Amino acid sequence: MRKQLLSAVLTGLIVIVLFITIYTNMAESKGTPLTIDEAIQSNLLQELPSEDEGSRGDNPTISYRIIEEPVIGDTHGEEGHAHAHDHNDAHEEGSIQPEVRTMNTKAPDFELKTLAGDTVKLSNLKGKKIFINFWATWCPPCVEEMPTIQHFYESYAKEHNVEILSVNATDLETNKEKVKQFANKHGITFPILLDEGGNTSIAYEVLTIPTSIIVNEEGIIVEQIIGPVTEELLLEKLSK
């Protein structure tokens, strides 16, 4: 019984000495005395990544990443949000009306790889009107507008000196193969660029998809279109 009691006392003393040593070292490194709570808190926080480090991950240039689909017309609570993800319901309630915003800012330059492995740099296309479309395969309104953009590309782009750049939100896709399958399924022949880090979407402040940007021949953003485009809208904006 005495041996057990002596062993318990010694163990307690060792624990107290270790704790005092840790406490003293922390106080010296900080330069000011620490309370017991501060010592415990400091010890715990050393093992946790900071909020800034956790948010950056492997891509320190990304400061935010929020992309949503535009809401269809007049929604009604949760039921309305469900319609926003149903392509057939979109047609029943009426297509999303795109919002056009007039702008006058220099287009941020970017350089991205295409699905074919080629490199496209925006500044190399100066002298042409550029239609930049931000999209994802999981976005129903994006899927809805693809045939319209493809038809315009085939029928009018060359005539009106227009280059179409389709920027896929690849960092939000499950894999690049899915993007390739989508392009093949829908017969897309204009360049699909892979925004694998999300930096181009951020540079253009894209918070909703689909979003399209119209850049004039001088490299100036003249309009931003939020929502799926129509052929009439494309002709109006790009055939001038």
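Because the model is predicted, local features are given where pLDDT is at least 70 and side-chain atom pairs count only at pLDDT 80 or more, whereas totals for chains, interfaces and linings use all residues. Residues are numbered from 1 along each chain as its sequence is written, and side-chain values use heavy atoms, with hydrogens and water left out.

## Overall make-up

The protein contains 9 helices and 8 strands, where helices (H or I, at least four residues) and strands (E, at least two) are DSSP runs numbered from the N terminus. Of its 240 residues, 38% are buried; buried means under 20% relative accessible area, exposed means over 50%, and partly exposed lies in between, with a 1.4 Å probe and protein chains only. Among contacts (heavy atoms within 4.5 Å) between residues at least 6 apart in sequence, 73% join residues at least 24 apart.

Helix H7 spans residues 176–185, and its buried residues are Val 179, Phe 182 and Ala 183. Seen down the axis of H7, these buried residues fall within an arc of 95°, so they line one face of the helix; the arc is that of the directions from the helix axis to the C-beta atoms. An α-helix has 3.6 residues a turn, so residues three or four places apart point the same way. The buried residues of H7 pack against strand S4 (129–135), helix H6 (140–157), strand S5 (162–168) and strand S6 (192–194), while Asn 184 and Lys 185 are exposed on the other side of H7.

At the N-terminal end, H7 is capped by Asn 175, of which a side-chain oxygen lies 3.2 Å from the backbone nitrogen of Glu 177. Just after H7, Gly 187 takes a positive phi of about 60°. Ile 188 lies in the loop between H7 and S6 and is buried, with a relative accessible area of 12%. Not counting residues up to four places away in sequence, Ile 188 touches Met 146, Gln 150, Phe 182 and Ala 183. The C-alpha atoms of Ile 188 and Glu 154, which are 34 residues apart along the chain, are separated by 10.0 Å.

Asn 133 belongs to strand S4 and counts as buried at 1% relative accessibility. Its side chain makes a polar contact with the side chain of Glu 145 at 2.8 Å; a polar contact is a pair of N or O atoms within 3.5 Å, and within protein one must be able to donate a hydrogen and the other to accept it, with residues adjacent in sequence counting only if both atoms are side-chain atoms. Leaving aside neighbours within four places in sequence, the residues in contact with Asn 133 include Glu 145, Leu 165 and Pro 210.

Pro 210 is found in the loop between helix H8 (199–203) and S7, and the peptide bond from Ile 209 to Pro 210 is cis, with omega near 0°. Glu 205 also lies in the loop between H8 and S7; its phi is near 55°, a positive value in a residue other than glycine, and at 58% relative accessibility Glu 205 counts as exposed. Asn 161, in the loop between H6 and S5, has a positive phi of about 55° although it is not a glycine, and counts as partly exposed at 32% relative accessibility.

Grid points are joined across faces, edges and corners, and a volume is the space filled by probe spheres set on the points.

| Pocket | Volume | Lining residues |
|---|---|---|
| Largest pocket | about 210 Å³ | 16 residues |
| Second largest pocket | about 170 Å³ | 15 residues |

Nearest the centre of the largest pocket lie Met 103, Tyr 204, Glu 205, Val 206 and Gln 224. Strand S1 (99–106), strand S7 (211–215) and strand S8 (220–226) each supply at least two residues of this lining, and the largest share, 4 residues, comes from S1. The lining of the largest pocket divides into 9 nonpolar, 4 polar and 3 charged residues, where Ala, Val, Leu, Ile, Met, Phe, Trp, Tyr, Cys and Pro count as nonpolar, Asp, Glu, Lys and Arg as charged, and the others, Gly among them, as polar.

In the second largest pocket, Lys 106, Leu 122, Ser 123, Lys 126 and Gly 219 lie nearest the centre, and the lining has 5 nonpolar, 4 polar and 6 charged residues.

Notes. On a 1 Å grid over the protein atoms alone, a cavity is a set of points where a 1.4 Å probe fits but cannot get out, and a pocket is an open set with protein on both sides within 12 Å along at least five of seven lines; lining residues have an atom within 4 Å of a point.
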